[in-house]
Amino acid sequence: MIFLFAVYVFVATQTDAQCFSYARAVCKTELGDFVHDGNYNATILSEGETAEIYKTFFTGQEYRIIVCKVDSLPQVDFQIIDEKEEILFDSKEHGGVNIWDFKLETTQQLIIRVEVSEKDKTSNEKVSGCVSILFGIKRE
Amino acid sequence: MKKLLRNPVLFLVLIFSLTIFVTSCGTDGSQKKKEGDISKQAANNMNEKAMEEFNKSKLIFYSLPSPLETAMLIKRAGAVYDEDLLNPIDNINRYTTNLKMALNLGIYSADLSYTSLFDQTQSSVQYMSNAKKLADGLGILNAIDENTIKKLENNMNNRDMVLDIISETFMNSNAYLSEENRPVMAVSVLIGGWIEGLYIATKLTNGSLVNNKKLIERIVYQKLSLYTVMNLLDEYKGNKDADYLLGKMRELKVIFDQVKIRNTSKVEASTDEKNKVTTIKADSEVDISQEVFNKLLKKVDEIRTEFTS
């Protein structure tokens, strides 16, 4: 009985490990000609929540951003923003894509803002789940 | 308690209730989150707009270039291969504290990336082996196992495959440390890799600002990554290892503050819809004097020597 309890608790608390497994098994498959930079950016987000990644992107490299989410979450959108909060790219303006490539003529620090939409804004029940953001660098 | 154990239904109800309690902080893909009592009370005192903002939490992450990206940046800037610059394999025996192991896991990962990009197969296997020892020492389960090293050996002539293996092992380590609530160790690995990249790049210039302008540009723009490093460490102020690293980064910041980087035009984006690529452009000015560059070389050398000693 104690063993079953231990197993049950172990399985129920492995949500973060599932997020990593999800990022690795599902998100990475969309990299194509790009090599994953090796960084792990994944977290549990709820409907209506936003995450931002501050990252320096270098000239001379082409990047691919992939934003993945578990099926139970509604649409997740992302924006590429400069340090003055100007929006340089908005996935909502491109059919809600989850993959996009970009390159820079001058090295910049940019912000990637990821937002989970809300299925029903009036509801107090919010679905949450794994959202993963991967960056790939184009191979030579 | 004995009565409870004799009654399986009651026992299972207790187990179930305890599990709900234990797992209430975590979530999975299908669990629904309800507003807590505290937020309901707060809602009574806030207007509708403020409540909307209150409910939307914003998580912020700071992402450093990984050791792999750092090595790619250096190679693409026209750097040559120089094995003498790398952290000697035998130095591994020096690293017995968690901080030193984490820093040098980053350093050896950067060295591994650098040797792989220059197709130095023998060295790559040795650096991967060292990375494995340090990952094991840090208790990072399954980040790098014997199969990974065999896979690397079997694919040494396939650079794409080698880079994929390196990136996978790095992601495994990074994810494990983050998810095991060891963020300072995760950050230390990244900082070790970043400093090693900066060290290799600065050494390859031989102190000249004119011989390889692309490489100089790469080095100068690390000022932006330094801000990321400091923001990352700031989150863990009070932790002994984070405070030590923050101190080192502040010494570097004193010098980088004398390097000027400025956008001279607005940042603009143009998108090629057909190929789904956006090009981001801005004019910028960079200014670094020979005196400041010399100070930077010296400080990077000093910090890297301290990390690898």
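User: Read along the sequence, what pattern does chain A follow?

Analyst: This is a predicted model. Chain A has two helices and nine strands. Read along the sequence, the pattern of chain A is α-α-β-β-β-β-β-β-β-β-β.

User: What is the mean pLDDT of chain A, and where is the pLDDT below 50?

Analyst: The mean pLDDT of chain A is 85, with 87% of its residues at 70 or more. One stretch has a pLDDT below 50, and beyond near neighbours in sequence it has ten contacts in the model. That stretch of chain A is residues 4–14.

User: What share of the contacts in chain A between residues at least 6 apart joins residues at least 24 apart?

Analyst: Chain A has 140 residues, of which 44% are buried. Among its contacts between residues at least 6 apart in sequence, the share that joins residues at least 24 apart is 81%.

User: Turning to chain B, how many helices and strands does its secondary structure come to?

Analyst: Chain B has 309 residues, and 37% of them are buried. Of its contacts with a separation of 6 or more, 68% are between residues 24 or more positions apart. The secondary structure of chain B comes to 14 helices and six strands.

User: Are helix H12 and helix H13 of chain B roughly parallel or antiparallel to each other?

Analyst: Helix H12 of chain B covers residues 222–234 and helix H13 covers residues 240–256. Their axes are 10 Å apart and the packing angle is about 155°. Angles over 145 degrees count as roughly antiparallel. H12(B) and H13(B) are therefore roughly antiparallel.

User: Which residues of H13(B) meet H12(B), and how does the contact divide by class?

Analyst: From H12(B) come Lys223(B), Leu226(B), Val229(B), Met230(B) and Leu233(B). In H13(B) they meet Ala242(B), Leu245(B), Leu246(B), Met249(B), Leu252(B), Lys253(B) and Phe256(B). H12(B) passes H13(B) in a left-handed crossing. By class, the contact of H12(B) with H13(B) has ten nonpolar, no polar and two charged residues.

User: How are helix H6 and helix H9 of chain B oriented to each other?

Analyst: Helix H6 (residues 98–117) and helix H9 (residues 159–179) of chain B have axes that come within 10 Å and cross at roughly 170°. With the cut-off at 145 degrees, H6(B) and H9(B) are therefore roughly antiparallel.

User: Which residues make the contact of H6(B) with H9(B), and how many are nonpolar, polar and charged?

Analyst: H6(B) contributes Leu105(B), Ser109(B), Leu112(B), Ser113(B) and Ser116(B). H9(B) contributes Val162(B), Leu163(B), Ile166(B), Phe170(B) and Ser173(B). The residues of this contact divide into six nonpolar, four polar and no charged.

User: Is Asn206(B) buried or exposed?

Analyst: Asn206(B) lies in the loop between helix H10 (183–204) and helix H11 (213–220) of chain B. Its phi is positive, about 55°, although Asn206(B) is not a glycine. Asn206(B) has 9, so its class is exposed.

User: Where is Lys276(B), and how many other C-beta atoms lie within 10 Å?

Analyst: Lys276(B) has a phi near 55°, a positive value in a residue other than glycine. Its place is in the loop between strand E4 (268–272) and strand E5 (277–281) of chain B. Lys276(B) is partly exposed, and the number of other C-beta atoms within 10 Å is 14.

Key
Residues are numbered from 1 along each chain as its sequence is written. Chains are lettered from A and ligands numbered from 1 in the order in which they are written. This is a predicted model: local features need pLDDT of at least 70, side-chain atom pairs count only at pLDDT 80 or more; totals for chains, interfaces and linings use all residues. pLDDT is the predictor's confidence in each residue, from 0 to 100. Two residues are in contact if their C-beta atoms, placed from the backbone, lie within 7 Å. Helices (H or I, at least four residues) and strands (E, at least two) are DSSP runs, numbered from the N terminus. A residue is buried if 20 or more other C-beta atoms lie within 10 Å of its own, exposed if 12 or fewer, and partly exposed in between; C-beta atoms are placed from the backbone. Axes are lines fitted to C-alpha atoms, for helices over the stretch in contact, and angles run from 0 to 180 degrees between N-to-C directions. Angles under 35 degrees count as roughly parallel, over 145 as roughly antiparallel, 65 to 115 as roughly perpendicular and the rest as oblique. A crossing is left-handed if the near helix is turned anticlockwise from the far one by less than a right angle, and right-handed if clockwise. Ala, Val, Leu, Ile, Met, Phe, Trp, Tyr, Cys and Pro count as nonpolar, Asp, Glu, Lys and Arg as charged, and the others, Gly among them, as polar.
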